[in-house]
Amino acid sequence: AEDRAARLREYGLESAALKAAAESSKTTAGLLSLYDELGLAQGELANPTIAALIFTAFTKLKPSVDANLRNQLYRAIIEHRIAKPSRLELGLVCVHQATKEGTELTEAALDEYVGVGQELSEESLADIVRACIAESAAEIDERRYRFPAGKLVRAVLNRNRLAESQLALAEAER
């Protein structure tokens, strides 16, 4: 496992993702092959964020997803169009949905779905959080400190899929 970890570390894979990948020789072999196929940089030029996002996509993509859709998602990561785990999760939803429906997915459609070039302003996020709190006010008052924060975060994400869950939680806790 240590040898596998050293090889993965060359591509920038770190921490929990490194440990999880190195535990399985099958995962390590598949990931190393994919990193080579995608031309990921190694050593000092390695990008840990890209390595981690590719690892996440590699492990979460269902076997039914066709190679073209997989490569489209990987390209979006390599080209920094998907640069955060939350946007990768949206990309995975989009690719799995296209697979399930048997529809073609263009690069533009994927970019639009994951919000390439779009950011939710702090003000807009605060407005959404306030609206969700107002809608749940009775339940919040009733349950007080036992109100599940995750429920509020889900309500925010349901209103705007580009909202970052951690930022929404921080805003709700203000």
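This is a predicted model: local features need pLDDT of at least 70, side-chain atom pairs count only at pLDDT 80 or more; totals for chains, interfaces and linings use all residues.
Local features need pLDDT of at least 70 and side-chain atom pairs count only at pLDDT 80 or more, while totals for chains, interfaces and linings use all residues; side-chain values use heavy atoms, leaving out hydrogens and water.

**Exercise 1. Find how many helices and strands the chain has.**

Step 1: Helices (H or I, at least four residues) and strands (E, at least two) are DSSP runs, numbered from the N terminus.
Step 2: With that rule, the chain has 11 helices and zero strands.
Step 3: For the overall extent, the C-alpha trace spans about 55 × 40 × 30 Å along its principal axes.

**Exercise 2. Work out what percentage of the 174 residues count as buried.**

Step 1: Buried means under 20% relative accessible area, exposed over 50%, and partly exposed in between (1.4 Å probe, protein chains only).
Step 2: By this cut-off, 36% of the 174 residues are buried.

**Exercise 3. Describe the largest nonpolar core and the residues with the most contacts inside it.**

Step 1: A nonpolar core is a set of buried Ala, Val, Leu, Ile, Met, Phe, Trp, Tyr and Cys residues joined through side-chain atoms within 4.5 Å.
Step 2: The largest one has 37 residues, and Leu8, Leu13 and Tyr35 have the most contacts inside it.
Step 3: Several helices each supply at least two residues of this core, among them helix 1 (2-9), helix 3 (25-38) and helix 6 (85-101).
Step 4: A second, separate core has nine residues, including Leu125, Leu152, Val156 and Ala163.
Step 5: Now look at Tyr35. Setting aside neighbours within four places in sequence, its contacts (heavy atoms within 4.5 Å) include Leu8, Leu13, Ile54 and Phe55.

**Exercise 4. Find which residues form the aromatic pair, and classify it.**

Step 1: Rings of Phe, Tyr and Trp (its six-membered ring) pair if their centres lie within 6.5 Å; planes under 30 degrees apart count as stacked, over 60 as edge-to-face and the rest as tilted.
Step 2: Searching the whole structure gives one aromatic pair.
Step 3: The partners are Tyr11 and Tyr35, at 5.0 Å centre to centre with 45° between the planes, and the pair is tilted.
Step 4: Tyr11 lies in the loop between helix 1 and helix 2, and Tyr35 in helix 3, so the pair ties together parts 24 residues apart in sequence.
Step 5: Tyr11 counts as buried at 5% relative accessibility, and Tyr35 is buried at 0%.

Notes:
Residues are numbered from 1 along each chain as its sequence is written.
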